[in-house]
Amino acid sequence: MKKITSWLLLAAISFGFISMAHAQNYNSAPEVVSTLYSINKAQIETAQIAKNKTINDSVLKFANKMINDHKNAQTKLDQIAKSNNINKISSADARTIRGEARKAMRAMKKVNGITFDQTYMDYTINSHKKALNVINDYILPRVQNTELKNYTLAMRQNIMNHLQEAQQIRMNIQ
C-alpha cells in the first residue's frame, strides 16, 4: 500500500506540478528581464537607423526620443537586475522580438525617403502594440519581484505614450 501511495504521489508531482511549475516559471524574473531587455534593444537599434535615414523632422525627433527613453529604461533594468541578482535567460518572447527587429531593420535599410519613414513608423507602432500585449498578457500576471513589477508598470505606460505619439506621426506621413 505504501508503494502504491508513493507511486501515486510521484505521478501527481511528475504530471501535475511539473506542468504547473512550467506555467509559473514562464516569464520568471530572468525571462522578464530578457524580454524587456529585447524590447528596449529593438527600439534603440531601429531608432538609430531612423535617426540616420529619415527625411522627416517629426520622425527624427521621435527616433531621438526612442533612443533616449529606451536607453534610460535599459539602464534602469540593468540596475534592477543587478540589485536583485537576476541574470537574463533567453525567452521565447525575447527571441521573437529580436527576430522581428532584425527583419524590420533589413527592410528599413532597403528603402529611402517617405517609404523609409512609413516603414519605420509602421514597425514602431506594431512593435509597441506587441510589447503591450506581452507585458499585459504574460509579464504582469506572473512577475513576482516587486521592483521588476513596478519597472514593468512604468515601462508599460511609456510604451503606451510612445504608441500614441507614433500613431499621430504616422498619420501625418503621406
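This is a predicted model: local features need pLDDT of at least 70, side-chain atom pairs count only at pLDDT 80 or more; totals for chains, interfaces and linings use all residues.

Trainee: How is the packing of helix 3 and helix 5 described?

Mentor: Two packed helices are characterised by the angle between their axes and the distance between the axes. Here helix 3 (residues 57-83) and helix 5 (residues 113-139) pack at about 40 degrees, and their axes lie 11 Å apart. The crossing of helix 3 past helix 5 is left-handed.

Trainee: Which residues of helix 3 and helix 5 meet?

Mentor: Helix 3 contributes Val59, Phe62, Ala63, Met66 and His70, which meet Asp117, Tyr120, Met121, Thr124 and His128 of helix 5. By class, the residues of this contact comprise 6 nonpolar, 3 polar and 1 charged.

Trainee: How many aromatic pairs are there?

Mentor: The count is 1 aromatic pair. The ring centres of Phe116 and Tyr120 are 6.3 Å apart and the ring planes stand at 0 degrees, so the pair is stacked. Phe116 and Tyr120 both belong to helix 5, 4 residues apart, or about one turn of the helix.

Trainee: Are Phe116 and Tyr120 buried or exposed?

Mentor: Both Phe116 and Tyr120 are buried.

Trainee: Why does Ser38 count as buried?

Mentor: The cut-off for a buried residue is under 20% relative accessible area. Ser38 has a relative accessibility of 2%, and therefore counts as buried. Ser38 lies in helix 2 (residues 29-53).

Trainee: What does the side chain of Ser38 make a polar contact with?

Mentor: Its partner is the side chain of Arg98, at 3.2 Å. Leaving aside residues up to four places away in sequence, Ser38 touches Ala94, Ile97 and Arg98.

Note on methods
Residues are numbered from 1 along each chain as its sequence is written. Side-chain values use heavy atoms; hydrogens and water are left out. Helices (H or I, at least four residues) and strands (E, at least two) are DSSP runs, numbered from the N terminus. Buried means under 20% relative accessible area, exposed over 50%, partly exposed in between (1.4 Å probe, protein chains only). A polar contact is a pair of N or O atoms within 3.5 Å; within protein, one must be able to donate a hydrogen and the other to accept it, and residues adjacent in sequence count only if both atoms are side-chain atoms. Contact means heavy atoms within 4.5 Å. Axes are lines fitted to C-alpha atoms, for helices over the stretch in contact, and angles run from 0 to 180 degrees between N-to-C directions. A crossing is left-handed if the near helix is turned anticlockwise from the far one by less than a right angle, and right-handed if clockwise. Ala, Val, Leu, Ile, Met, Phe, Trp, Tyr, Cys and Pro count as nonpolar, Asp, Glu, Lys and Arg as charged, and the others, Gly among them, as polar. Rings of Phe, Tyr and Trp (its six-membered ring) pair if their centres lie within 6.5 Å; planes under 30 degrees apart count as stacked, over 60 as edge-to-face and the rest as tilted.
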